[in-house]
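User: I am new to reading protein structures. Can we walk through some side-chain features together?

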Amino acid sequence: GFPNVGKSTLLSRVSNARPEIANYHFTTINPHLGVVDIDDIKSFVIADIPGLIEGASQGAGLGHDFLRHIERTRVMIHIVDAASTEGRDPIEDVYAINRELERYNAELAKRPQVIAANKTDAICVTDNGEDPVDRLKKEFEPKGFKVFPISAVSGKGVREMLYYVRSVLDEMDDKPVVFEQEYDVNSKIAANLPDTVEYDQDEKVYRIEGPRIE
């Protein structure tokens with residue numbers, strides 16, 4: 001999802017992970033992992049991926065770094081701000097991020113997705129307005145994207161969504177995702193790169209640095 005739609009709040013709600021949560025963009029810079037362990041279903045790991053922005057597939061912001069983490073996921077929970085608290089259109093947000101996924105790696109856009117219509121406790125529907133959750137369902141459920149109205153703050157609707165995600169995972173292969181080796185630590189070049197080991201008396205820790213270990 002885009003920044004500030006409630007990703008970290010959801011992670012803190014469904015697991016024991018305690019990501020930093022604040023009302024400003026890019027609170028999360030690195031992914032946070034948590035284990036979802038509820039009732040009688042098999043546990044699974046959920047990752048709070050930092051907020052994507054348009055242009056991420058071309059490397060805007062930290063786009064490539066963030067998108068690479070998504071490659072390790074089997075199912076994507078796409079979180080949108082159903083209440084449009086920052087004036088964004090949740091339907092366009094789904095399309096915008098899926099465009100970035102497809103431009104980066106077309107295979108990513110084909111993976112199972114669940115849409116979490118978050119911040120439903122802040123929705124104010126006027127007499128002439130259509131419920132944004134209904135709009136999301138009409139737009140995306142015919143395309144195979146199940147929409148769950150939730151509130152990550154109160155927990156409303158979250159359990160139902162997690163049960164559905166687990167059912168999708170149960171239909172998938174458990175074989176781990178394997179990536180090509182990016183750096184050969186045993187190469188002659190790597191072997192000649194020095195690493196340093198220093199002991200920090202104040203912090204009482206060892207610091208190991210250098211291009212090879214990094």
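**Salt bridges and a surface patch**

Analyst: At 18% relative accessibility, Lys-119 counts as buried, because the cut-off for buried is under 20%. Keep in mind that this is a predicted model.

User: Which side chain does Lys-119 meet in a salt bridge?

Analyst: First, the general idea. Side chains of opposite charge can pair when their charged atoms come close. Here, Lys-119 pairs with Asp-81, at 3.9 Å from N to O. Asp-81 sits in strand β3, and Lys-119 in the loop between β4 and α4, so the pair ties together parts 38 residues apart in sequence. Asp-81 is buried, at 7% relative accessibility.

User: How many salt bridges are there by this rule?

Analyst: The count is nine. Among them is Asp-89 with Arg-135, at 3.6 Å. This pair links distant parts of the chain, 46 residues apart: Asp-89 is in the loop between β3 and α3, Arg-135 in helix α4. Asp-89 is partly exposed at 33%. Arg-135 is partly exposed at 29%.

User: What about Glu-107 and Arg-111?

Analyst: Their side chains form a salt bridge too, at 2.8 Å. Glu-107 is partly exposed, at 38% relative accessibility, whereas Arg-111 is buried, at 14%.

User: Which residues make the nonpolar surface patch?

Analyst: Val-197, Tyr-199, Tyr-206, Ile-208 and Ile-213 make a patch of about 550 Å². Strands β6 and β7 each give two or more residues to this patch.

User: Is Ile-208 buried or partly exposed?

Analyst: Ile-208 lies in strand β7. Ile-208 is partly exposed, at 47% relative accessibility.

Conventions: Residues are numbered from 1 along each chain as its sequence is written. This is a predicted model: local features need pLDDT of at least 70, side-chain atom pairs count only at pLDDT 80 or more; totals for chains, interfaces and linings use all residues. Side-chain values use heavy atoms; hydrogens and water are left out. Patches are made of residues with over 30% relative accessible area and no salt bridge: like charges are joined within 9 Å, nonpolar side chains (Val, Leu, Ile, Met, Phe, Trp, Tyr) within 5 Å. Accessible areas come from the Shrake-Rupley method with a 1.4 Å probe; for residues, only the protein chains shown count as cover. A salt bridge is a side-chain nitrogen of Lys or Arg within 4 Å of a carboxyl oxygen of Asp or Glu. Helices (H or I, at least four residues) and strands (E, at least two) are DSSP runs, numbered from the N terminus. Buried means under 20% relative accessible area, exposed over 50%, partly exposed in between (1.4 Å probe, protein chains only).
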